Amino acid sequence: MTESQPSVPSAAELLRRYALHPKKSLGQHFLVDDRILERIVAAADLSGREAVLEIGPGLGALTLRLAQAAWRVLAVEKDRALQPVLSEVLRDFGNVQVCWGDVLEVDLPRICEDAFGSRTVRVVANLPYYVTTPVMMKLLEAGPVIDRMVLMVQREVADRLTAQPGTKTYGALTVAVQWFAEKIESVARVPASCFWPRPEVDSVVVRLDLRPRPDPEMSRRLSRVVRAGFGQRRKTLLNALSHALAGRDRASIAQALRDAGVAPDRRAETLSLEEFMRLAQALADGVYPKSMP
C-alpha cells in the first residue's frame with residue numbers, strides 16, 4: 001500500500017453531497033477511523049498479487065485502500081443508492097468491480113470466478129451486525145476458495161469465534177469456524193466512536209486463516225449434526241438428535257453416541273470439535289479420521 005492516501009471527503013460530506021442518509025434497515029455504520037482502516041488492510045497482508053472480495057464497501061473508504069494494495073477487488077454492495085458515491089471515490093482505480101446485490105443471494109463462486117479466474121480469494125469485510133452469522137456461514141460453506149478472511153464483527157460475535165466448550169458463548173458458529181479455520185486471531189478492538197453514525201456496541205477486527213478446503217462430505221455431516229445439536233441446546237444430545245435427524249431411530253442414535261465416546265445425556269455446548277467430528281462420523285457409519293484436516 002502506498003504511504004499516503006488520496007484525499008477523500010468525509011462520510012458526512014459524501015452523504016450530504018448525494019442527499020443520502022445511513023439506512024438503519026441495512027445496518028449502515030460507516031468506519032471513519034483511518035488507523036483502523038489501515039490495520040484491516042495490514043491484517044489482510046496484501047502484496048499486490050491478491051484477489052480480494054469485499055462485502056459491503058459502503059462509502060468506499062476501505063475499498064480504496066484495498067484497491068491500492070491488491071491485484072483486484074470485487075466489492076458486493078446491496079444499497080444501489082451508494083453507486084454515485086462509489087463512482088466518485090473509486091474513479092481513479094480500474095482494478096475495482098462492484099457487484100450490486102445481496103451477498104446472501106449472490107452466487108459467490110460464480111462472480112469470483114468471473115472476476116478472478118481460478119485464483120484463491122482473500123475476504124475483507126465490515127459486516128453489518130444483523131447478517132454477520134449467515135454471511136460468515138455462506139463464505140465458509142459455499143463460498144469461493146478462500147485462504148483468509150479479515151472481518152469487522154460485533155464484539156460478542158468475536159467472543160463466540162474463540163469460545164471454549166461449556167461456556168455461554170460457545171455455539172454452532174464456534175464449531176463451524178473452528179472446523180474451517182486453522183487460526184483465529186483478534187486484530188483490533190474498535191470502539192463505537194470509530195463509526196458514523198455511532199452504533200450501540202463495540203466491534204472487533206478478526207482474522208481467520210482457513211485450512212486448505214476441508215473434506216466436503218465431512219463438512220456436510222458435521223454441519224448437520226452441529227445444527228441439530230444446537231437447534232435445541234437445552235435438550236440432551238440424544239433427545240435433540242432424535243428430534244432433528246429424520247429417518248434415524250433413537251436406538252441407532254444412542255449407539256452412534258456410544259461409538260463416538262459421547263454420553264447420551266450430554267448437551268451440544270459441552271462437545272469439542274473433535275467430539276463433534278467423531279459423532280458425525282459415527283452417525284454416518286464410517287471410519288473416524290484420526291487427525292484434524
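This is a predicted model: local features need pLDDT of at least 70, side-chain atom pairs count only at pLDDT 80 or more; totals for chains, interfaces and linings use all residues.
Modeller: Local features need pLDDT of at least 70 and side-chain atom pairs 80 or more, while totals for chains, interfaces and linings use all residues. Residues are numbered from 1 along each chain as its sequence is written, and side-chain values use heavy atoms, leaving out hydrogens and water.

Biologist: Why is E77 called buried?

Modeller: Buried means under 20% relative accessible area, exposed over 50%, and partly exposed in between (1.4 Å probe, protein chains only). E77 has a relative accessible area of 7%, so it is buried.

Biologist: What makes E77 part of a strand?

Modeller: Strands are DSSP runs of E with at least two residues, and helices are runs of H or I with at least four, numbered from the N terminus. E77 belongs to strand β3, residues 72-77.

Biologist: Which residues does E77 contact, leaving aside neighbours within four places in sequence?

Modeller: Contact means heavy atoms within 4.5 Å. Among the partners of E77 are G56, L82 and W100.

Biologist: How do you know that the buried residues of α11 line one face?

Modeller: In α11 (residues 250-259), the residues I253, A254, A256 and L257 are buried. Seen down the axis of α11, they fall within an arc of 160°, so they line one face of the helix. The arc is that of the directions from the helix axis to the C-beta atoms.

Biologist: What does the face turned away from the buried side of α11 carry?

Modeller: That face of α11 carries the exposed residues A251 and D259.

Biologist: What covers the buried residues of α11?

Modeller: The cover includes α10 (237-244) and α12 (273-283).
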